[in-house]
Amino acid sequence: MSPPNPVLGFYRQHKVKAGVLLITALLVFWLVVAIQRSFLLLGDPDPVAKALGVGYLLLPCIGAWALVRELLFGARTEQMARRLDAEGGLPVDDLPRTPAGRIVRSAADAAFPAFQAEVEADPGNWRSWFRLSCAYDAAGDRKRARRAMRDAAKLYRQHGAGAPR
């Protein structure tokens, strides 16, 4: 039996971060090209080209804002997950899965009320919101999962240094 490949092990451990890094690099490349093209349009004497240049300059600004916002969201989520893991408070991933590896929706729906009740009992606890976000995600409701995680992050920023609950 051959020894494990350390590069492959590193990749498996960090593949999400590698994907984020790749997408970020591509977006930054696009931002640079878009800004360069907008300055070319702004330098044109035609007023229509100038108007397009202004519009084209707004797109990279919006893209940069979205990129920074999402990277900060991911970093904050990872920070909260590490803290919950250290406290032993991460929800256990023991839901049954389909042969394709997806969580069985009915099992996720059945486990959901416990996480919802936890938030209702203590709505100011970021840990409860984090676990509720995981329950929404397991149930396939990505929009609510993201909203609950944003609520958790907001509470974490406000009370993150508080004692474990």
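A residue is called buried when its relative accessible area is under 20%. The model examined with this criterion is a predicted one. Ser 38, a member of helix 1 (residues 6-42), has a relative accessibility of 0% and therefore counts as buried. What does the side chain of Ser 38 have as a polar partner? A polar atom of that side chain lies 2.7 Å from the backbone oxygen of Ile 35. Once neighbours within four places in sequence are set aside, Ser 38 is in contact with Gly 53, Tyr 56 and Leu 57.

Attention now turns to the nonpolar interior. In soluble globular proteins, nonpolar side chains tend to be buried together. Here the largest nonpolar core comprises 18 residues, and the members that touch the most others are Met 80, Trp 126, Trp 129 and Phe 130. Two or more residues are given to this core by each of helix 2 (47-87), helix 3 (105-121), helix 4 (126-138) and helix 5 (142-159). Which helix gives the most? Helix 5 does, with seven residues.

Apart from neighbours within four places in sequence, Phe 130 is in contact with Thr 77, Met 80, Ala 81, Leu 84, Leu 90, Met 149 and Ala 152.

Two aromatic pairs are found in the structure. In one of them, Phe 112 and Tyr 136 are 4.8 Å apart from centre to centre with 50° between the planes, a tilted arrangement. Because Phe 112 belongs to helix 3 and Tyr 136 to helix 4, this pair ties together parts that are 24 residues apart in sequence. Phe 112, at 14% relative accessibility, counts as buried, and Tyr 136 is buried with a relative accessible area of 16%.

The rings of Trp 126 and Tyr 156 have centres 4.7 Å apart and planes at 85°, so this pair is edge-to-face. Since Trp 126 lies in helix 4 and Tyr 156 in helix 5, the pair ties together parts that are 30 residues apart in sequence. Both Trp 126 and Tyr 156 are buried.

Arg 150 lies over the face of Phe 73, at 4.3 Å from the ring centre.

Note on methods
Residues numbered from 1 in each chain as written. Predicted model: local features only at pLDDT ≥ 70, side-chain atom pairs only at ≥ 80, totals over all residues. Heavy atoms only, no water. Core = buried A, V, L, I, M, F, W, Y, C linked by side-chain atoms within 4.5 Å. Buried < 20%, exposed > 50% of the residue type's maximum accessible area, 1.4 Å probe, protein only. Helix = DSSP H or I, 4+ residues; strand = E, 2+ residues; numbered from the N terminus. Contact = heavy atoms within 4.5 Å. Polar contact = N/O pair within 3.5 Å; in protein donor to acceptor, adjacent residues only side chain to side chain. Phe/Tyr/Trp six-rings, centres within 6.5 Å; stacked < 30°, edge-to-face > 60°. Lys NZ or Arg CZ within 6 Å of the ring centre and 35° of its normal.
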